[in-house]
Amino acid sequence: MIDNLAVTGRWGIEQLRQIGKAGIMLGRVLFYPPQVRKGFPLLIQQVYSEGVLSLIIIIVSSLFIGMVLALQGYHTLAKFGASQELGPLVALSIVRELGPVVTAILFAGRAGSAVTAEIGLMKATEQLSSMEMMAVDPIRRVISPRFWGGCISMPLLTIIFNATAIYGAYLVGVKWLGVDAGIFWSNMQSSVEFHADVVNGILKSVVFGIAVTWIAVFQGYTAEPTSAGIANATTRTVVYGSLAVLGLDFVLTAMMIGDW
Amino acid sequence: MPIPDNLVEISNMSFLHENGKTVFQDVDMVIPRGKITAIMGPSGTGKTTLLRIIGGQLSPSAGKVMVEGQPIHALSHQKLYELRKRMGMLFQQGGLFTHLNVYENVAFPLREHTELSESMIRTLVLMKLQMVGLRGAIGLMPNELSGGMARRVALARAIALDPQLIMYDEPFTGQDPISMGVLVKLVKTLNTSLNLTTIIVSHDVEETMQIADYVYVIVDKKVVGHGTPESIYRDSSKDLQQFIQGLPDGPVPFHYPAKSLAHDFLQGVNA
């Protein structure tokens, strides 16, 4: 009994230590004065590798998600004679929820895991240590650009996800199932509010971007420098990242729902 | 023998690993300026940890580590990084940046810490690569280099900013005889031509003794002997002789601590 308590206590203290370490790391990333001349090219490079290289998976997934949503929505709405409401149904689901959430989960799987593995491998091959010994701070040179690159990429990817998913729904709803294009777009326009729906959705994606990239860089930076350690860290990034996104989504929705 | 001008002074230093294991217990050591000092000892005695303590990457649990007269573990982040600009370290695996080619790797510290023009950086990189004999490999990527070449490139990078102190972590491990000879010669040449203070951590007795001016031997958390290579060879203490002669059993036991043979063999698999 006492042993079990001790084990639980040790586990709890270890978890708190990890949270503390992650907080200190985030603090160092946020409060360092930016180096514009040296930092900007690194940031652009990271926006490319985390954002641009995630475009394929985001575009293909969003297209299919929009198409499936339209297909399912149309059949349910048609039962009540409300198929002209397909546009608002699809747009609201995507802009408010599916866009930010699915983008963030895909981002954790595609870019988050890559960031963790890259930083973990740099640690295992003594690249981070040698950088430190060359008086170059790895937090500034390696962690910071990856963190900000992810934070910038996520909202942009979400906007692209939203647009492509709605286009996918348009293809199925209007071109295939025969919903009138004018009704589809005009109902959508009258039901979707820019601030309450679109901006709040983007706001969510900003929070998810911070959470997922923070988890990814922290897991990489604290990964055990072995092959198994890096594999575990990569898995943790995807699992913790996805869970954080879903948990935060509930909290943010609860906070925003007052506006709707 | 008192040594007048020491770049690094370690006094009463103890280090406790995160897992609770004591790595060093009351270690005293001085690294004289301009000389090659070797720190030797069996694998797992924390020689690399010692280099990391001198470089300020780890803090001792007790005692003092003074580098250039400053307590390195008590320096602010900024002062520590200023001091590190005057240090170079060659890691066991080289630590080359895998996404940069040889030229960019060597140019990295110059780009980070100086405002030199591109043509000046190119000249300096070529000079450093010429010193290690790899000017021709300027365009290669780290994965195209052999282990010995990678270490030489890392060495060129470590001396790019003309440091005062250079630390080598097991520079000769896993090298073929030719690469080993090249590295031994390079360490010696760099020390004399650039007037560097050199610390070599190694367990390759013969190669290290050839070039070292002063040797410390660490066994089981403590310095068990120090002196010139000749005096180390002559020392009759068991700790030193086991290490120098490579004897399988002695103060450092062949067997890892275990229960008795009878206990392990006669008990069931579940016991």
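Two residues count as in contact here if their C-beta atoms, placed from the backbone, lie within 7 Å. With that in hand, we can walk through this predicted model, starting with chain B. Among the contacts in chain B with a separation of 6 or more, 63% are between residues 24 or more positions apart.

Which elements build chain B? It has ten helices and ten strands. The radius of gyration of chain B is 20 Å, close to the 18 Å that the globule rule gives for 271 residues, so chain B is as compact as a globular protein of that length. Taken along the principal axes, the box filled by its C-alpha atoms is roughly 70 × 40 × 40 Å. Of the 271 residues in chain B, 37% are buried.

Now let us turn to where chain B meets its partner. Here 14 residues of chain B are in contact with eleven residues of chain A. On the chain B side, helix H2 (77–84), strand S6 (87–90) and helix H3 (102–113) each supply at least two residues. The largest share, three residues, comes from H3(B). By type, the residues on this side of chain B divide into six nonpolar, five polar and three charged.

Over in chain A, a pair of helices is worth a look. The axes of helix H4 (residues 86–124) and helix H9 (residues 227–256) of chain A come within 8 Å and cross at roughly 150°. Angles over 145 degrees count as roughly antiparallel, and H4(A) and H9(A) are therefore roughly antiparallel to each other. Their crossing is right-handed. On the H4(A) side, the residues making the contact include A:Ala104, A:Ala108, A:Gly109, A:Gly112, A:Ser113 and A:Gly120. H9(A) brings residues including A:Ala233, A:Thr237, A:Gly241, A:Ser242 and A:Asp249 to the contact. Which kinds of residue make up the contact of H4(A) with H9(A)? They divide into eleven nonpolar, nine polar and one charged.

Is A:Tyr167 buried or partly exposed? A residue needs 20 or more other C-beta atoms within 10 Å of its own to be buried, and counts as exposed with 12 or fewer. A:Tyr167 has 14 other C-beta atoms within 10 Å, so A:Tyr167 is partly exposed. In sequence, A:Tyr167 and A:Ala91 are 76 residues apart, while in space they are 9.9 Å apart, C-alpha to C-alpha.

Technical notes
Residues are numbered from 1 along each chain as its sequence is written. Chains are lettered from A and ligands numbered from 1 in the order in which they are written. This is a predicted model: local features need pLDDT of at least 70, side-chain atom pairs count only at pLDDT 80 or more; totals for chains, interfaces and linings use all residues. Axes are lines fitted to C-alpha atoms, for helices over the stretch in contact, and angles run from 0 to 180 degrees between N-to-C directions. Helices (H or I, at least four residues) and strands (E, at least two) are DSSP runs, numbered from the N terminus. Angles under 35 degrees count as roughly parallel, over 145 as roughly antiparallel, 65 to 115 as roughly perpendicular and the rest as oblique. A crossing is left-handed if the near helix is turned anticlockwise from the far one by less than a right angle, and right-handed if clockwise. Ala, Val, Leu, Ile, Met, Phe, Trp, Tyr, Cys and Pro count as nonpolar, Asp, Glu, Lys and Arg as charged, and the others, Gly among them, as polar. The radius of gyration is taken over C-alpha atoms; the globule rule is 2.2 Å times the number of residues to the power 0.38.
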